[in-house]
Amino acid sequence: LWELEPPSSSVCRYTVVPRWELWTLISLFLPVFSFLIGGCGTPPNLTFAQLSKEYKNLTEFAVGATVRYSCQLGYMRNPGIPPTLTCLKNHTWSEALAFCKSE
């Protein structure tokens, strides 16, 4: 990446931006770009769990975003399986494992 220095005369000089600076910029804006490029829509409705309140009114999620569910009435948490889904790079939600089981 090249950066144009402000002119101090009629000669233009270019300098190379250090790699660490470039990677810092990329890492800061990557979540924004992945959201603009596309992510996932509304998470799926599950028969055994409901989406947590904080996510219910959202319709767009960036790649890498994770949402949490809570068990429906008549179901209880299945220990060891996190009650979450993640928006994957292919713009789909991760598989909904049986993190809630029938009581």
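Is His91 buried, partly exposed or exposed? Please keep in mind that the model before us is predicted.

His91 counts as partly exposed, because its relative accessibility is 38%, and that value falls between the limits of 20% for buried and 50% for exposed. This residue sits in the loop between β6 and β7. Its backbone also deserves a remark. Most residues other than glycine have a negative phi. His91, however, has a positive phi, near 70°.

The protein contains 1 helix and 7 strands. Read from the N terminus, the order of elements is β-β-α-β-β-β-β-β. Of the 103 residues, 22% are buried. The protein exposes about 7,700 Å², and 61% of this comes from carbon and sulfur atoms.

What lies inside? The largest nonpolar core has 15 residues, and those touching the most other members are Ala49, Val67, Tyr69, Trp93 and Phe99. Strands β3 and β4 each supply at least two residues of this core. The greatest contribution comes from β4, with 3 residues.

I turn next to the aromatic residues. How many aromatic pairs does a search of the whole structure find? The search finds 3. One of them joins Phe61 and Trp93: the ring centres are 5.3 Å apart and the planes stand at 75°, so this pair is edge-to-face. Phe61 is in the loop between β3 and β4, while Trp93 is in the loop between β6 and β7, and the two are 32 residues apart. Both are buried, Phe61 with a relative accessible area of 5% and Trp93 with 14%.

A further pair is formed by Tyr69 and Phe99. Here the centres are 5.9 Å apart and the planes are at 40°, so the pair is tilted. Because Tyr69 lies in strand β4 and Phe99 in the loop between β6 and β7, the pair ties together parts that are 30 residues apart in sequence. Tyr69 and Phe99 are both buried, and together with Phe48 they form one aromatic cluster.

Beyond its sequence neighbours up to four places away, Trp93 touches several residues, including Cys40, Pro43, Val67 and Leu85.

Finally, consider Pro82, in the loop between β5 and β6. Apart from neighbours within four places in sequence, Pro82 is in contact with Arg77 and Phe99. The C-alpha atoms of Pro82 and Phe99 are separated by 6.3 Å, although these residues are 17 apart along the chain.

Note on methods
Residues numbered from 1 in each chain as written. Predicted model: local features only at pLDDT ≥ 70, side-chain atom pairs only at ≥ 80, totals over all residues. Heavy atoms only, no water. Helix = DSSP H or I, 4+ residues; strand = E, 2+ residues; numbered from the N terminus. Buried < 20%, exposed > 50% of the residue type's maximum accessible area, 1.4 Å probe, protein only. Areas by Shrake-Rupley, 256 points an atom, 1.4 Å probe, with all protein chains shown as cover. Core = buried A, V, L, I, M, F, W, Y, C linked by side-chain atoms within 4.5 Å. Contact = heavy atoms within 4.5 Å. Phe/Tyr/Trp six-rings, centres within 6.5 Å; stacked < 30°, edge-to-face > 60°.
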